[in-house]
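Dear colleague,

I am handing over the structure we spoke about, and my notes on it follow directly below. Please read them alongside the coordinates.

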Amino acid sequence: MTEETDVRIISASDIEIDHAALDSSIGAFVEKRPDYYAAAFSKIHARTTPLPATFNLWAAVLGPFWSSARAMWGLFWVLLIAEIIAWVQIGRGWWGNPGAEFLERAEKQQARADELMERARNATETADIDRFTTLAENIGRAAQSSLDRATEAQSGATTILIGGLVLLFVIKLVHGFFADVAYERQYSRWRIDPTSTGSGVRLGNVILGAALIVLIAPLVVYKFTVDGSFAFLDSFPTDWTSALILGPDGGSLFAAIATWMERHIDAAAVSGSDVFDGIVRGVRSVLDALTVALNGSPWPAVMLIIVVTAWRSAGPRVAVFTAAALSYIALLGYWEIAMETVALVGAAVVLCVAIGIPFGIWFGKSKRAFRMAEPVLDLMQTLPAFVYLIPIIAFFGTGNPPGILATIIFGMPPVIRLTALGMRGVPESIKEAAVAFGASRWQLLKDVEIPLALPSIMAGVNQTILMCLSMVVIISLIGGGGLGREILEALQYAAKGPGLLGGFAILFVAMVIDRIVQGAFSRDDKSH
């Protein structure tokens, strides 16, 4: 006996909606004019075409003020900017002077032409008279052309006025048709997350929106439509502010702060010279060891070791590419400075890993420590390298070791962040099981957490390597060597050929290191 199942296909029209509950929810959301918005949202839900189903007159009239009152701040800024553009065009056509720029240029050109004509009248030699007269006539014709353009622009003021009015009308019309659609979407978000989505009409939003409109729109319109506007609208009153803070004879605020900073940096550099010199010596020892290994050893041996390492780590294709890249570097005479570059990057990476991984483990285990360190890591990554080269020079001098320290500042954050991410990604159940079997804290870290976090840690190491390579050219500005110095010299003398050849050498070094490291990671993942 076969049992048959009764299957009914229910269409959207068969779904019953509790309109009373829906209207009550909409009323709680909008607070003001609930009947209108309940009917508007119902029309929006029932429409079958992309065309708007309602027109909100108050939204069209009030524009950005309506959006701020309804806590629709994204729409507020879009409307405010659009309407300001329209009002600027209206102001230029109504009370502005569209040809002011050309008129000012014509006045300057005419003054110059008069000056040259006066010099022609005062000249004694025929050659000078002809030269000054010719120049005056040419500049006079340019002044007349500018004057004609000013007149033409001024005659188009009516067209600009009409264009601004049409633009404002279109903005109002579009806002009126689509305001309810945007508000209905906000209502949908409010039903999902009422705590973080604005609703109703709040007095604070009304005041803030009105204040922003009053403070922004008139100033912008005035600046673009009135000739000879107030000077403080064109540039910040730095001199007045400095005099207010430092006194009339105190000089500029910039000079005072810069002098104070220089004085304290110099004092810190002198008082901590022993510490800074010790850091430089430590960095130099790592750099010298790598330099001796790469440049002191016979080049065929070094090349063979690198190619075999590429073969074992990433396979024969990467080994062939590595051999070709090293051949390019050697044939063009870049071998020694390329190995110096590798030594610089290697020293920076060794120090980044030695310092960054312990910090990453700590930050992965302590959320409080990571929250405190996160702004510092953001600063290390976002601060332009040219800015922190200045204190590097002040405290550590110039040359390769200070360049490595600058590279460490830029290259360390990825290994710290990804190590912390990997440590936080270790499942709690695995750690609890290890502790239940009697693992100590050290065993838990060494045998469980670090192995499971190793893919993320090694990805951080790879990112650090590439970021350190990107600093090769920048550290040449403070005396760093290697291929970066070749690029810097090419830039100084606009040597296009040497610059491109040196750039390709840096590219090949970066690609070889990246391929070897990525190949080693992928093989480790496959073995596990």
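Predicted model: local features only at pLDDT ≥ 70, side-chain atom pairs only at ≥ 80, totals over all residues.

The closest N and O atoms of R121 and E118 are 2.6 Å apart, and both residues lie in helix α6, three residues apart, about one turn of the helix.

Helix α6 (residues 100-122) also holds R112 and E115, again separated by about one helical turn; they form a salt bridge in which the closest N and O atoms are 3.3 Å apart. R112 is partly exposed at 36% relative accessible area, and E115 is partly exposed at 41%.

The structure holds ten salt bridges. One of them joins E83 to K172, with 3.1 Å between the closest N and O atoms; E83 lies in helix α5 and K172 in helix α8, so this pair ties together parts that are 89 residues apart in sequence. Both E83 and K172 are buried.

R70, in the loop between α4 (64-69) and α5 (73-94), is buried too, yet R70 has no salt bridge, and the nearest side chain of opposite charge, E31, is 6.8 Å away. Among the residues that R70 touches are V30, Y183 and Q186.

Helix α1 (residues 19-30) and helix α8 (residues 157-192) pack at an angle of about 100°, with their axes 11 Å apart, which makes α1 roughly perpendicular to α8. Their contact includes V30 of α1 and Y183 and Q186 of α8.

Best regards

Key
Residues numbered from 1 in each chain as written. Heavy atoms only, no water. Helix = DSSP H or I, 4+ residues; strand = E, 2+ residues; numbered from the N terminus. Buried < 20%, exposed > 50% of the residue type's maximum accessible area, 1.4 Å probe, protein only. Lys, Arg positive; Asp, Glu negative; His and termini not counted. Salt bridge = Lys/Arg side-chain N within 4 Å of Asp/Glu carboxyl O. Contact = heavy atoms within 4.5 Å. Axes fitted to C-alpha atoms, helices over the stretch in contact; angles between N-to-C directions. Parallel < 35°, antiparallel > 145°, perpendicular 65-115°, else oblique. Lists of a residue's contacts leave out its neighbours within four places in sequence.
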